[in-house]
Amino acid sequence: MGADKPGLVKLKCAVKNYDWGKVGEKSSVSRLYANNSRAEVDADSPYAEFWMGTHDSGPSYAAVPNGGLTNGDLEERRDNGFKREKSNSVSLKDWIDRNPAVLGDRVLEKWGPNLPFLFKVLSVAKALSIQAHPDKELAVILHKQQPGVYKDDNHKPEMALALTEFEALCGFIGLEELKTVIQTVPEIVEMVGSSCADQVLQLTENDGEKKLKEVFKSLFTDLISVSNSAISEIIPKLIRRLNSKREVNKLTEKEELVLRLERQYPGDIGVIAGFLFNYVKLNPGEALYLGANEPHAYIHGECIECMATSDNVVRAGLTPKHRDVQTLCSMLTYKQGFPEILNGVPSNPYTVKYIPPFDEFEVDRCNLPEEASTVFPAVNGPSVFVVTSGEGTMGVASSKELVREGDVLFAPANSEITVETIWGLNLYRAGVNSRFLENSDTSKTY
């Protein structure tokens, strides 16, 4: 890497046009991508995910000083008097591989010359699939068996931080709510049979966690595996019943959601399976996290998402894509109860930190008002910043960069970052979990 310590490195990032994304300029992803890559937005195309990281399915590219690596186009331009160096574009993965010290010694020791997290922005117009992400052990097996479907051998814990009101199905409902579903949704009983339904109704909390999980697994597996002929007969019956009920009574939030899901994915078993999951509504600034083998489906809204570097998804409903029902049903934990909602912990008047129980990542939300500044202290791990609105400057001791909406920057380990703005600026930072870094630094002193 040479004697010079690298400063902030601008990244050109990838976009995903999955069909569930918001269309054209209605999508925050489209605006970020257009500003980041100086690309035109197709008014009729969905823009679902903006990827910032090193995963092979959507790699970011780093602008490195001229004279470094050489794949890419040279560019030089000035913005408001700030000079942009001539630079070459090289994949962030390759640049890190050749400059591993930018990760910091603790990260390098645990994960090798790899960025351990993948950072995203999502714009969700319609529901994503009912899915879960495998743990590390299962990911290795799935990748070996079906590398075309499961793209890597890593686990994928993740966290979603709401930019707008954000809806999701997340984890299984508790026992009492499940009993209510069995008693009030006859179509589920028709699909799984009265014997399975009776098992649920006879359960009590005194039966123990193992028994509860066994019965829930049996119920969910029978439901999600039901025949196409049963689906085509029973789901229309459910929709007719709910529409008739709506004429005389107000539907529950879950019933209204099921009708929405059926309009998006008619004849899909995921529509009725939605009754079994917690319906979560996040306000802007709230977050939820998901460990391996936990079922979920994002429904609507925009969010910041961070995860371990993986793209492994096991799907079973609300999707036209490949479904692996057997794997999903066998891998789930079948934990019940509402997920923990994170509100973040203030680091200073402008910055809030969200720390999930995963080593690979954490997220900071920074909202700077007019004529304000803040400092991100140096940490022994890499950071990726994305500016979601406004403009200002970001810098380390040796240099300062003009930044605005859509800019994404990589900050090497042990870099103190100063952010200033005249007109206001909003940004998000992904980094390695500070608890991991602090515990590693503490253990290193003994």
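Me: Start with Tyr334. Is it buried or exposed?
Reply: Buried: this is a predicted model, and in it Tyr334 has a relative accessibility of 2%.

Me: Where is Tyr334 in the fold?
Reply: Tyr334 sits in the loop between helix 12 and strand 17 (341-342).

Me: And what is the phi of Tyr334?
Reply: Positive, about 60°, although Tyr334 is not a glycine. Most residues other than glycine have a negative phi.

Me: What about Leu318, what is its phi?
Reply: Leu318 is not a glycine either, and its phi is positive at about 55°. Leu318 belongs to the loop between strand 16 (314-317) and helix 12 (325-331).

Me: Is Leu318 buried or exposed?
Reply: Leu318 counts as buried because its relative accessible area is 0%, and the cut-off for buried is under 20%.

Me: Switching to Asn433. Where is it?
Reply: Asn433 is in the loop between strand 26 (425-431) and helix 13 (434-444). With 2% relative accessibility, Asn433 is buried.

Me: What does the side chain of Asn433 reach?
Reply: The backbone oxygen of Phe361, at 3.5 Å.

Me: What else does Asn433 touch?
Reply: Leaving out residues up to four places away in sequence, its contacts include Ile355, Pro356, Phe358, Asp359 and Glu362.

Me: Now helix 7. Which of its residues are buried?
Reply: In helix 7 (residues 194-202), the buried ones are Cys196, Ala197 and Val200. They are on the same side of the helix, because they cover an arc of only 100° around the axis.

Me: Why would residues a few places apart end up together like that?
Reply: An α-helix has 3.6 residues a turn, so residues three or four places apart point the same way.

Me: What is on the other side of helix 7?
Reply: Ser195 and Gln202 are there, and they are exposed.

Me: Which helices do the buried residues of helix 7 pack against?
Reply: Helix 5 (175-184), helix 6 (186-192) and helix 8 (209-224).

Me: Last topic, the largest nonpolar core. Which residues touch the most other members?
Reply: Ile188, Leu219, Phe220 and Leu276, out of 60 residues in that core. Apart from it lies another core, of 43 residues, and Met52, Val107, Tyr428 and Leu437 are among them.

Me: Back to Leu276: what is it in contact with?
Reply: Setting aside neighbours within four places in sequence, the contacts of Leu276 include Gly171, Phe172, Ile173, Leu178 and Val181. Ile188, Phe216, Leu219, Phe220 and Leu223 are also in contact with Leu276.

Definitions and conventions:
Residues are numbered from 1 along each chain as its sequence is written. This is a predicted model: local features need pLDDT of at least 70, side-chain atom pairs count only at pLDDT 80 or more; totals for chains, interfaces and linings use all residues. Side-chain values use heavy atoms; hydrogens and water are left out. Buried means under 20% relative accessible area, exposed over 50%, partly exposed in between (1.4 Å probe, protein chains only). Helices (H or I, at least four residues) and strands (E, at least two) are DSSP runs, numbered from the N terminus. The arc is that of the directions from the helix axis to the C-beta atoms. Contact means heavy atoms within 4.5 Å. A nonpolar core is a set of buried Ala, Val, Leu, Ile, Met, Phe, Trp, Tyr and Cys residues joined through side-chain atoms within 4.5 Å. A polar contact is a pair of N or O atoms within 3.5 Å; within protein, one must be able to donate a hydrogen and the other to accept it, and residues adjacent in sequence count only if both atoms are side-chain atoms.
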